[in-house]
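This report is written for someone meeting the structure for the first time. Please look over the sequence and the model before reading on.

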Amino acid sequence: MVIREHTAPGFNRPAENFGNHVISQKTMNEFYTIIDIRHNVTLQHPVALLRSDFEFCFDAVCVQRDTAVVTAVFGPAEVKPQRILIDKASVEALYRPKTGLPRVHDKMRETLIRNTCSTALLVTLHPRTSISIIVQEMQDSGGLLACAVNAACLALINSGIAMKFLVAAVSCMIDHEDNILIDPNSKQLKGSKASLTFVFDSIKKNIMACHTTGRFTQLQYEESLLKCRNGSDKIFSFYREIVRKVHQEHDRMSPTCRT
Amino acid sequence: MEVNVGDVVLPGDVIQAPNTNDKGKLILGPGLCRHMDEVLITTSGVLRKKGRNVYWVDSHRKRYVPVKGDTVVGVVVNRSGDTFKVDIGSSEQASLSYLAFEGATKKNRPDVQIGDIVFAKLLEASRDLEPELVCVDSYGKKGKLGVLPEGGFIFTCSLNLIRKILNPKCQMLKILGSEIPYDIAVGMNGKLWLKTKSIKETIAIVNAILTAEHLQHHEIASLCDDVINALKGM
Amino acid sequence: MATCYKSIHPVKYYRDFLAKGVRPDGRDMQKFRPVSINVDSIKTAEGSAIVKIGNTVVVCGIKAELAAPKAEEPNFGYLVPNVELPPLCSPRFCPGPPSDLAQVSSNFIAETLTSSGCVDLKDLCIAPEHLAWVLHCDLICLDHDGSLWDACVIALVAALRTVKLPHVSYDVEAETTVVSPEKRNKLQVHNTPVATTFAIFDDEILLTDPTNEEESLSSGVMTIVVQGGQLCSVHKPGGSPLTESQLQECINGAMKRAEYINKLVNMTLESLGT
């Protein structure tokens with residue numbers, strides 16, 4: 001995991017430990033909140049890093065195991081005339097792979113992220129504007145799509161844009177002995193006969209999006225769905241934890257936030 | 001998930017049974033919306049309540065969405081016919097009529113050039129319409145609004161910081177002003193305009209304001225003292 | 001009157017119909033549009049098929065080419081599906097580079113092919129490390145009226161089943177290739193995946209085999225690929241959330257459809273006398 005160490009002279013605070021959550025605070029215009037929750041067995045080490053030092057840009061680094069992506073959200077901003085929608089904001093997702101230009105495969109990810117986020121966002125609140133979600137792949141060690149969706153959601157949370165609900169993505173695989181494994185890494189994925197990624201909404205935990213590769217039976221599908229849905233609870237509580245930590249920091253820093 | 005006042009809330013949460021005995025009247029601030037009989041949260045942050053029935057969500061934001069009645073700092077970027085276009089940092093440029101200045105008539109046009117900085121009030125801000133600015137109050141007086149003098153410095157910060165330095169509890173601008181003479185215009189859109197006697201003082205004040213983002217009030221006081229001492233020492 | 005109403009308030013127009021349990025084109029929610037298949041329609045191609053689902057028309061032509069296999073996969077051939085959405089098929093598409101939908105479709109078809117394993121790429125290898133077949137599967141949409149992927153998958157599988165490759169012998173020592181076009185072998189197609197698209201209207205009503213209009217008014221689409229009682233792909237790229245029971249309903253619908261479509265394709269191929 002990459003944590004940039006910045007020391008701004010004068011107003012530096014030491015990193016503080018809150019149990020197993022590490023929060024480090026850099027001042028001046030650097031503000032990072034690093035939250036590391038070690039989940040027991042299923043979802044291993046999702047780490048989020050929220051940063052808010054860009055102009056109008058809200059970004060989140062989401063690290064699940066070693067898979068890492070950086071996402072940024074811009075908007076509601078001015079929209080190109082050809083993309084303008086008169087009754088809602090036009091949502092666009094841009095996916096940048098680690099190397100080279102975006103390929104056909106990345107278009108599928110873009111479509112999935114865009115459709116998922118535009119359903120989760122209250123797009124009708126900002127007509128004739130654009131909301132862009134930029135996803136930059138940093139490292140892929142399995143479950144990249146799930147990580148990208150979660151990072152996009154974190155960035156949206158961080159941006160303060162109005163949303164109907166949150167989304168959480170969980171990936172799983174079925175190996176040749178028909179075992180279902182949640183959040184597999186790339187090594188485990190090599191010995192898989194199918195891999196599935198589900199995206200759930202935060203209210204009813206229904207299926208927002210689904211992407212699968214490989215063959216499986218209906219029973220296996222339902223079983224994986226159930227396991228992933230249980231896993232999604234962890235991600236939703238992780239989101240809440242992050243927001244809590246960020247606001248604790250803010251509150252500690254600025255009593256004006258209190259009433 | 002049901003939440004209470006003071007809780008950390010996420011989009012999709014529902015406010016727990018808001019008092020409906022006050023003739024069923026609730027005032028919903030930013031970050032809340034009504035869906036059927038429930039009040040839903042739409043932005044993440046901390047749920048706040050004021051008085052008996054005013055609710056809102058405290059959240060971190062950087063992008064300005066125009067709100068009616070806000071005073072903002074903007075740059076005149078275009079002039080088309082009878083109106084000026086002003087960039088106030090929102091998704092659409094705001095319009096400012098040349099008649100919306102003190103004493104302006106069809107013959108007596110105000111002297112506004114492209115590139116000028118204006119301090120104006122939002123007369124109209126609806127999501128379906130272009131935001132409209134005015135530089136006069138309802139009595140036709142300019143008050144503190146209007147074109148800002150030349151030689152100032154404009155910079156941007158988060159919307160939270162603006163609310164923080166405008167909070168009456170925050171003494172920052174007063175403390176700085178007691179030692180360094182300066183003019184400042186703070187726009188709710190996250191743009192600030194600052195004019196001092198020297199570049200040195202400008203840089204010092206800009207840095208002090210931007211540093212205040214994550215500081216507590218008593219820390220701000222000591223920060224201001226540091227800045228003043230540093231300036232005097234030079 | 002009805003056309004006026006439809007153009008002014010298309011969503012409400014649909015809602016009024018759906019409240020009565022019928023769609024504007026007369027179908028009920030679960031009903032599919034008629035499917036017609038024509039195989040071996042393009043004589044210059046190694047294999048071809050034209051599929052029509054309602055008004056949606058997709059032509060699939062398969063051209064074979066010889067090439068050296070990839071160094072990392074010396075005994076695998078290539079199967080390259082490409083979906084083209086020319087401006088003539090719908091006013092949504094402009095001339096120029098492939099649209100996002102065309103790229104996503106090509107990717108989906110490629111993923112379906114690998115997931116189902118209907119063509120074993122090893123069958124396409126002639127001499128390991130030296131020579132293998134490249135099958136270019138060009139899917140051209142002539143009329144886009146919804147359920148594009150359903151038509152693409154049916155057309156592709158039907159076309160693959162008509163492919164006859166000429167016999168090729170390769171001499172490793174002399175590095176010479178002898179192609180005998182008069183001696184042709186049928187391509188082994190191990191199984192037949194079938195895709196079925198569903199649209200979600202107003203967050204709860206499931207429309208089977210939607211038209212283009214239904215797709216654009218709906219709040220989400222989902223495509224399920226079924227192959228011999230197993231699932232090949234469940235693709236739902238966002239849109240409004242679905243409950244488990246709705247999903248099950250879709251899977252069951254897709255299973256039934258697959259049987260029917262396979263019967264139809266078999267019948268068509270038999271009528272060809274092959």
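## Contacts between chains A and C

Two residues are taken to be in contact if their C-beta atoms, placed from the backbone, lie within 7 Å. By that rule, 26 residues of chain A are in contact with 26 residues of chain C. On the side of chain A that touches chain C, at least two residues each come from α1 (104-120), β12 (207-214) and α4 (218-253) of chain A, where helices (H or I, at least four residues) and strands (E, at least two) are DSSP runs, numbered from the N terminus. The most is given by α1(A), with nine residues.

The residues of this side of chain A comprise 10 nonpolar, 12 polar and four charged; Ala, Val, Leu, Ile, Met, Phe, Trp, Tyr, Cys and Pro count as nonpolar, Asp, Glu, Lys and Arg as charged, and the others, Gly among them, as polar.

## Basis and confidence

The model is predicted, with local features needing pLDDT of at least 70 and side-chain atom pairs counting only at pLDDT 80 or more, while totals for chains, interfaces and linings use all residues. Residues are numbered from 1 along each chain as its sequence is written, and chains are lettered from A and ligands numbered from 1 in the order in which they are written.

For chain B, the average pLDDT (the predictor's confidence in each residue, from 0 to 100) is 88, and 96% of the residues score at least 70.

## A sheet in chain B

In chain B, four strands form an open sheet of mixed pairing, in the order β2-β7-β8-β4; two strands pair if DSSP finds at least two bridges between them. Its edge strands, β2 (8-9) and β4 (27-28) of chain B, each pair on one side only. Strand β4(B) pairs with β8 (residues 54-58) of chain B in the parallel sense over two bridges, and B:L28 has B:Y55 in β8(B) as its bridge partner.
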